[in-house]
Amino acid sequence: MESPYRLIDLDRSAPPTPVPDQVLVGVASRPGRAPAGFDVLLTGGSHAPRPWVACADPRLTAGWIGDEVDRHPAASVTLVQVLRAGRALAAPDRLLVESLAYSALQGGADFRAWLASAPPRTPRPAAAPVRLRRDGDRLSVVLDRPRARNAFDAATRDALCEALEVAAADPSITRVDLRGTGPAFCAGGDLTEFGTARDTAESHRVRVSRSPAALLLRCAAKVTAHLHGACVGAGIELAAFAGRVTATPDTVIRLPEIGMGLIPGAGGTASLPARIGRERTAYLALSGAALNASDALHWGLVDELSAEN
């Protein structure tokens with residue numbers, strides 16, 4: 001089957017008409033006026049205006065993305081289709097589309113192959129994966145599974161939903177601080193639970209009915225997310241909904257789901273584009289590249305660098 005990846009050298013060629021089932025990447029030596037329809041735009045240099053991504057060697061980076069698209073075509077094409085569709089949708093509807101696409105990919109051969117090759121992992125449940133503390137009009141919400149680097153499992157999701165329901169429903173709470181204990185804010189989805197749900201339609205229903213992302217949308221204006229260490233997958237997808245995001249210098253952000261045959265499933269296709277645009281979101285997801293705190297600040301994914309989390 002023909003590769004869905006398409007690379008256009010914008011220094012030499014005019015932008016083509018986008019094709020729905022292709023991932024369209026453009027490269028240019030300098031960032032000019034951004035042509036419409038591209039999923040990722042790469043250019044040279046150390047900094048570039050949105051939607052461009054600056055890199056030392058744009059063509060080499062484009063090659064890495066092309067290799068990833070060819071390894072995971074279904075997830076890559078689904079990602080860019082969801083991001084394109086999201087431009088015309090309100091945030092709650094973006095969450096619905098993301099969940100439907102995520103559930104479809106859970107039943108795909110690529111994800112099943114990843115599951116089969118993944119080493120066995122031992123669950124490390126916590127008695128209280130989320131801690132709450134109220135001080136006057138401020139509510140502290142702390143992810144508390146440090147041994148698991150605050151990996152996001154079903155119990156953590158449910159506990160976080162309970163906390164955010166309080167924050168969203170109580171007008172006397174004017175500030176919510178979201179933090180994580182241990183070496184990482186959140187290392188992403190708990191891999192010990194990946195693939196354990198066999199009914200992907202039911203998984204979609206649960207994902208929509210127990211959605212920290214939807215609750216964060218309701219109370220985003222009063223939430224500050226304090227990032228540190230690894231912020232992977234759900235760890236950045238949820239944090240990006242917050243009205244304000246701070247990060248310590250050791251913060252490292254990644255979206256690794258394409259490599260598993262999936263797309264971001266904790267709200268990332270709604271939260272990240274609102275902050276950095278769909279093209280930079282697609283770059284992070286398709287490349288799997290790590291984004292440091294300084295670049296996250298430059299992009300607008302982080303609002304402030306902080307010495308402490």
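User: In which sense do S9 and strand S11 (residues 252-254) pair?

Analyst: This is a predicted model. Strands of a sheet pair through backbone hydrogen bonds, either parallel or antiparallel. S9 and S11 pair over 3 bridges. The sense of the pairing of S9 with S11 is parallel.

User: What is the bridge partner of Cys231 in S11?

Analyst: S11 covers residues 252-254 and pairs with S9. Within S11, the residue bridged to Cys231 is Ile253.

User: Which are the edge strands of the open sheet?

Analyst: The open sheet has 3 strands, and its pairing is mixed. The strand order is S9-S11-S12. An edge strand here pairs on one side only. The edge strands are S9 (230-232) and S12 (291-292).

User: Is Thr156 buried or exposed?

Analyst: Thr156 is found in helix H5, residues 154-169. Its relative accessible area is 2%. The cut-off for buried is under 20%. Therefore Thr156 is buried.

User: Which residues is Thr156 in contact with, leaving aside its neighbours within four places in sequence?

Analyst: Thr156 belongs to H5. Sequence neighbours within four places are set aside. The contacts of Thr156 are then Pro129, Val130, Leu143, Arg145 and Ala151.

User: Is H5 roughly parallel or roughly antiparallel to H7?

Analyst: Two packed helices are described by the angle between their axes and the distance between the axes. For H5 and helix H7 (residues 212-219), the axes are 9 Å apart and the angle is about 20°. Angles under 35 degrees count as roughly parallel. So H5 is, relative to H7, roughly parallel.

User: How many nonpolar, polar and charged residues are in the contact of H5 with H7?

Analyst: H5 contributes Arg157, Leu160, Cys161, Leu164, Glu165, Ala167 and Ala168. H7 contributes Pro212, Leu215, Leu216, Arg218 and Cys219. By class, the residues of this contact are 9 nonpolar, no polar and 3 charged.

User: Is the crossing in which H5 passes H7 left-handed or right-handed?

Analyst: The axes of H5 and H7 form an angle of about 20°. The crossing of H5 past H7 is left-handed.

User: What does the packing angle make H9 relative to H10?

Analyst: Helix H9 (residues 268-276) and helix H10 (residues 278-287) have axes 7 Å apart. Their packing angle is about 125°.

User: Which residues of H10 make the contact with H9?

Analyst: H9 passes H10 in a right-handed crossing. From H9 come Gly268, Leu272, Pro273 and Ile276. From H10 come Arg278, Arg280, Thr281 and Leu284.

Note on methods
Residues are numbered from 1 along each chain as its sequence is written. This is a predicted model: local features need pLDDT of at least 70, side-chain atom pairs count only at pLDDT 80 or more; totals for chains, interfaces and linings use all residues. Side-chain values use heavy atoms; hydrogens and water are left out. Helices (H or I, at least four residues) and strands (E, at least two) are DSSP runs, numbered from the N terminus. Buried means under 20% relative accessible area, exposed over 50%, partly exposed in between (1.4 Å probe, protein chains only). Contact means heavy atoms within 4.5 Å. Axes are lines fitted to C-alpha atoms, for helices over the stretch in contact, and angles run from 0 to 180 degrees between N-to-C directions. Angles under 35 degrees count as roughly parallel, over 145 as roughly antiparallel, 65 to 115 as roughly perpendicular and the rest as oblique. A crossing is left-handed if the near helix is turned anticlockwise from the far one by less than a right angle, and right-handed if clockwise. Ala, Val, Leu, Ile, Met, Phe, Trp, Tyr, Cys and Pro count as nonpolar, Asp, Glu, Lys and Arg as charged, and the others, Gly among them, as polar. Two strands pair if DSSP finds at least two bridges between them.
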